[in-house]
Amino acid sequence: MPMFNNLLESKPKKQRSLGGTIFSLVLHVAVITLAVFGTAKAKQEFEKPKEEKVDFAEVKPEEPPPPEDQPPPPEQPVAPPPPKGFQVLTAPVNIPDVIPDVDITKEVTNEEDFTGKGVQGGVARGVVGGTGVVSDQPYFEFQVEKQPIAAPGNPKPRFPEILQNAGVEGQVLVQFVIDTTGRADMRTLKILKSDHDLFTSSIRSVLPSMRFFPGEIGGRKVKVVVQMPFEFALGGGE
């Protein structure tokens, strides 16, 4: 068999050109850049909050029921007619120091309402057998049938020691209302006369502890305005 003396020459490998290498590198960079950009944009779209659409529904006010369905209004109490009786004149506790204007349009007082017959607090043209109207206004002493008097055992005002040692005597004249329980209403207390402020303080201190038998009209206890003097005498007075 003949020997092959000549060896076949292998084809030399083609060397890659510089231009192809640069093109390939640019192409890969472009592909990677597009991939990164696309991923970032997809992430932003995914994380972007979705806007919710809110629709407001209009609520109509509740209509009131028809008149026939509404309950009837409550009955208003009717004042009973005035009884047949008489009135009692009461003077104000605070006496004005200025003469008030005369109102000629005011209804004239009916003298028949002051006969003293019938039910106290009523009027001459009232209803026979009606209930008397109880007045809470205080009366003066001359207006009541039974005047208030001091109860026994009441404490006496303390003589101020400094005035007693100095030999000073004095008097305090007070005005106040004795209520239906026989107590002095200190809100109505007025000092009409006082010889010394220490005497006045002594009266203010003792009055709340004093007790009285209240005044009466027709057997009913009423408030009465009284004026009471207190003497501070060295000989053992009040």
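Here are a few notes on a strand hairpin and an aromatic cluster in this predicted model.

1. Ground rules. The model is predicted, so local features need pLDDT of at least 70 and side-chain atom pairs count only at pLDDT 80 or more, while totals for chains, interfaces and linings use all residues. Residues are numbered from 1 along each chain as its sequence is written, and side-chain values use heavy atoms, with hydrogens and water left out.

2. Strands S5 (residues 170-178) and S6 (residues 184-194) run antiparallel and are joined by 6 bridges. (Strands are DSSP E runs of at least two residues, helices H or I runs of at least four, numbered from the N terminus; two strands pair if DSSP finds at least two bridges between them.) Gln 175 has Lys 190 in S6 as its bridge partner. With 5 residues between the strands, the hairpin has Gly 182 at a positive phi near 85 degrees.

3. Aromatic pairs. The count is 5, taking rings of Phe, Tyr and Trp (its six-membered ring) with centres within 6.5 Å; planes under 30 degrees apart are stacked, over 60 edge-to-face, the rest tilted. Phe 159 and Phe 199 are edge-to-face, at 5.7 Å centre to centre and 85 degrees between the planes. Phe 159 sits in the loop between strand S4 (149-150) and helix H2 (161-165) and Phe 199 in helix H3 (residues 197-206), so the pair ties together parts 40 residues apart in sequence.

4. Burial. Phe 159 counts as buried at 14% relative accessibility, and Phe 199 does too at 0%. (Buried is under 20% relative accessible area, exposed over 50%, partly exposed in between; 1.4 Å probe, protein chains only.)

5. The stacked partner. Phe 199 also stacks with Phe 232, at 4.4 Å centre to centre and 15 degrees between the planes. This pair links helix H3 to strand S10 (residues 224-232), with the two residues 33 apart. Phe 232 is buried at 1% relative accessibility. Phe 159, Phe 199 and Phe 232 form one aromatic cluster.
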